[in-house]
Amino acid sequence: GATGSTGATGNTGSTGATGATGATGNTGSTGATGATGNTGATGGTGPTGATGSTGGTGSTGSTGATGATGSTGATGHTGGTGPTGATGSTGATGNTGATGATGGTGSTGAMGNTGPTGSTGATGATGPVGCNSANYILVSNGSSATCSVTPIYEDRTNYVVGIGTATPATTYLTGETGVGLLNIHSASQPGTGYFPIEITNASTNNAAVGIGETNTSSGYNAGEGLIFYTGTTYSPAGLFGLDLATTGIGIGVRGSGSYSNQYGVIGSIPITGTWTGYGGYFTGGLAYANGLYNVSDSTIKKNVTPIQNALSTIMRLRGITYQYNTDRMPSSKGDTRVYMGFIAQQVESVLPEAVATKNVIVGGIESKPNSPAKLEFEKLKVVDYVQVVPVLVEAMKEQQKMIDEQNKKIEDLNKLVQQLLQNQQPQQPANK
């Protein structure tokens with residue numbers, strides 16, 4: 001019949017007894033000689049030997065050559081003065097000397113008694129009146145005095161001096177009460193190119209004019225420039241500064257504060273109505289340091305809502321490179337740089353909150369003093385690029401959310417692929 005299956009393996013037998021110890025082996029060969037030890041320290045110095053006997057004296061050398069003669073000694077002291085000789089005979093009498101200077105005038109003698117008063121003379125003719133206008137300051141030509149051509153008037157009631165006005169206490173500024181000390185008024189000028197008042201300083205020291213509000217409790221400005229122009233032909237300024245030099249680095253207008261809680265310059269306009277102007281306008285570029293801040297405190301905001309569909313908004317914006325058309329905008333004449341930005345009309349179709357219509361200076365930037373300020377304005381579209389920043393932030397967050405979701409799907413797919421690959425591995429055949 002068929003062979004039966006192999007029986008189970010029997011248990012392991014117990015360990016046998018330990019064998020006898022073998023014979024001792026032969027002694028090994030002698031090891032190599034060790035390295036030489038370090039040299040010992042040097043012994044102390046021995047005692048000094050006894051001094052030898054003195055040698056004999058050598059023979060005397062030959063006499064040297066005679067030295068050069070020494071310099072002459074200093075002169076001896078002068079001897080004492082001899083005795084005075086006998087007095088000679090008296091010479092002839094000399095000529096008479098010149099007359100001495102006149103002595104000072106003696107003191108005035110005592111005043112004599114007053115004589116009797118003479119009879120009164122006839123009254124002279126009345127002289128011409130120098131100026132018939134009361135309180136005007138007179139101008140003298142050396143022989144007569146007349147009223148000043150440009151009236152210089154003293155208001156003795158209000159203690160105000162006027163130049164060019166006979167009513168110096170009365171203001172010419174709308175809305176003001178009056179003048180307290182000095183009123184300078186120009187009603188006419190000889191022609192263009194004349195300053196009613198000119199103050200210059202030709203020295204290298206000090207400013208030409210100093211104006212100060214020295215009362216530490218006063219809240220008024222040290223100086224104010226006021227204009228009342230209502231036309232549209234010109235664009236005069238309350239204050240105009242111009243650097244006339246053609247070399248060096250000058251500043252037309254500068255503002256500064258004395259400590260860090262102050263403001264160097266403040267510009268503002270009302271923002272009601274059409275609001276086509278600006279609190280500040282610059283051409284030629286704007287540079288700043290230490291930050292450009294937009295007021296963003298939560299306490300000044302209301303109706304706060306998150307920005308929606310930011311990514312789709314950004315995807316519809318079109319960034320471009322461009323140069324200024326200086327024929328269309330003469331104020332940028334000479335600017336050949338290439339800029340990057342947007343077209344305002346295209347941004348307005350996507351993000352109207354970032355676009356406005358403003359008066360833009362396209363020409364007529366003044367560059368000489370004492371001339372009418374005639375600027376050329378045109379209403380153009382402008383873009384507030386800062387408004388695009390929060391949209392970009394939210395668009396990046398939306399995009400990152402999409403990336404995270406896609407990464408999660410990819411990770412899940414990778415796990416599924418690995419699982420399928422493990423399930424498809426071939427089965428091991430059974431042992432025969």
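1. Aromatic pairs. This predicted model contains six aromatic pairs. Rings of Phe, Tyr and Trp (its six-membered ring) pair if their centres lie within 6.5 Å; planes under 30 degrees apart are stacked, over 60 edge-to-face, and the rest tilted. Y322 and Y324 make an edge-to-face pair, with 5.9 Å centre to centre and 90° between the planes. Y322 is partly exposed at 25% relative accessible area. Y324 is partly exposed at 35%. Here buried means under 20% relative accessible area, exposed over 50%, and partly exposed in between (1.4 Å probe, protein chains only).

2. A stacked pair across the chain. F342 and Y385 are stacked: the centres are 5.5 Å apart and the planes 20°. This pair links distant parts of the chain, 43 residues apart. F342 sits in the loop between β7 (339–341) and α2 (344–350). Y385 sits in the loop between β9 (376–383) and α3 (388–423). Y385 has 38% relative accessibility and counts as partly exposed.

3. Ring cluster and a charge over a ring. Y322, Y324 and Y339 are linked into a cluster by ring pairs. Elsewhere, K358 lies over the face of Y278, at 5.3 Å from the ring centre. The criterion is NZ of Lys or CZ of Arg within 6 Å of the ring centre and within 35 degrees of the ring normal.

4. Salt bridges. The structure has six. Each is a side-chain nitrogen of Lys or Arg within 4 Å of a carboxyl oxygen of Asp or Glu. One of them joins R156 to E154, with the closest N and O atoms 3.4 Å apart. R156 is exposed at 56% relative accessibility, whereas E154 is partly exposed at 33%.

5. R328 and E378. Their side chains meet in a salt bridge at 2.5 Å, N to O. R328 lies in the loop between β6 (320–322) and β7, and E378 in strand β9, so the bridge ties together parts 50 residues apart in sequence. R328 is partly exposed at 44% relative accessible area. E378 is also partly exposed, at 26%.

6. K415 and E411 meet at 3.9 Å, N to O. They are four residues apart in helix α3, so about one helical turn separates them. K415 counts as exposed at 52% relative accessibility. E411 is partly exposed at 42%.

7. Secondary structure. The protein has three helices and nine strands. Helices (H or I, at least four residues) and strands (E, at least two) are DSSP runs, numbered from the N terminus. Along the sequence the pattern reads β-β-β-β-β-α-β-β-α-β-β-α.

8. Of the 432 residues, 9% are buried. Among contacts (heavy atoms within 4.5 Å) with a separation of 6 or more, 37% involve residues 24 or more positions apart. The protein exposes about 38,200 Å², and carbon and sulfur atoms supply 52% of that area. Accessible areas come from the Shrake-Rupley method with a 1.4 Å probe; for residues, only the protein chains shown count as cover.

9. Conventions. Residues are numbered from 1 along each chain as its sequence is written, and side-chain values use heavy atoms, with hydrogens and water left out. In this predicted model, local features need pLDDT of at least 70 and side-chain atom pairs count only at pLDDT 80 or more, while totals for chains, interfaces and linings use all residues.
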